[in-house]
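Please consult the sequence and the coordinates alongside the text.

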Amino acid sequence: VIGVRRSIRRLGQNFRSASNYLQVETKEHSPTDLELVITVEDRFRAKWAGKSELVPHYTLGVLEAIMAALKARSYLVRLVDARVVEMVSRYRISWEE
């Protein structure tokens, strides 16, 4: 078992494997508090134009499901910022060890 922190830090690789249009940056605020910045690459923005309003909320649900699957204790997944036109979303994920 690789643990919650390591799993979340690897999400960029996992998202990249699932789709070639997302970039994920992980920022660590503490060992149990991470921030993810998910961006749609420039070359794919035109394809997603007008359809991107739901993507941040869909991704929020995906992140919550991931935390549940990891059996993280007392986790909280928040959508901190969603810039629909720029197609950039920031999420804050925290949990107890």
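Is Ser 74 buried or exposed? Ser 74 counts as exposed, because its relative accessibility is 53% (buried means under 20% relative accessible area, exposed over 50%, partly exposed in between, with a 1.4 Å probe and protein chains only).

## Basis of the model

This is a predicted model, in which local features need pLDDT of at least 70 and side-chain atom pairs count only at pLDDT 80 or more, while totals for chains, interfaces and linings use all residues. Residues are numbered from 1 along each chain as its sequence is written, and side-chain values use heavy atoms, with hydrogens and water left out.

## Strand pairing

Helices (H or I, at least four residues) and strands (E, at least two) are DSSP runs, numbered from the N terminus. Two strands are said to pair if DSSP finds at least two bridges between them. Strand β1 (residues 22-30) runs antiparallel to β2, and eight bridges join the two.

Within β4, Tyr 91 is the bridge partner of Leu 79.

## Backbone with positive phi

Ser 74 is not a glycine, yet its phi is positive at about 45°. This residue belongs to strand β3 (residues 73-83).

Met 87, also not a glycine, has a positive phi of about 60°. It is placed in the loop between β3 and β4, whose hairpin has four residues between the strands. Met 87 counts as buried because its relative accessible area is 9%.

## Nonpolar core

A nonpolar core is here a set of buried Ala, Val, Leu, Ile, Met, Phe, Trp, Tyr and Cys residues joined through side-chain atoms within 4.5 Å. The largest such core has 19 residues, of which Ile 8, Leu 36, Leu 63, Met 67, Ile 93 and Trp 95 touch the most other members. At least two residues of this core come from each of α1 (4-9), α2, β2, α4 and β4. Strand β2 supplies the largest share, four residues. In soluble globular proteins, nonpolar side chains tend to be buried together.

Contact means heavy atoms within 4.5 Å. Leaving aside residues up to four places away in sequence, Leu 63 touches Leu 11, Phe 15, Leu 36, Val 77, Tyr 91 and Ile 93.

## Largest pocket

A pocket is defined on a 1 Å grid over the protein atoms alone, as an open set of points where a 1.4 Å probe fits, with protein on both sides within 12 Å along at least five of seven lines; lining residues have an atom within 4 Å of a point. Grid points are joined across faces, edges and corners, and a volume is the space filled by probe spheres set on the points. The largest pocket holds about 400 Å³ of space. Its lining comprises 22 residues, and those closest to the centre are Tyr 21, Leu 22, Val 55, Tyr 58 and Thr 59. Two or more lining residues come from each of α2 (11-18), β2 (33-40), α4 (55-69) and β4 (88-96), with the largest share, five residues, from α4.

By residue class, the lining divides into 16 nonpolar, five polar and one charged (Ala, Val, Leu, Ile, Met, Phe, Trp, Tyr, Cys and Pro count as nonpolar, Asp, Glu, Lys and Arg as charged, and the others, Gly among them, as polar). Thr 59 lies in helix α4 and is buried, with a relative accessible area of 10%. Apart from residues up to four places away in sequence, Thr 59 touches Phe 15, Ile 38 and Tyr 91.

## The segment before α1

Gly 3 is found in the segment before α1 and counts as partly exposed, at 29% relative accessibility. Gly 3 and Glu 96 are separated by 93 residues in sequence and by 12 Å in space, C-alpha to C-alpha.
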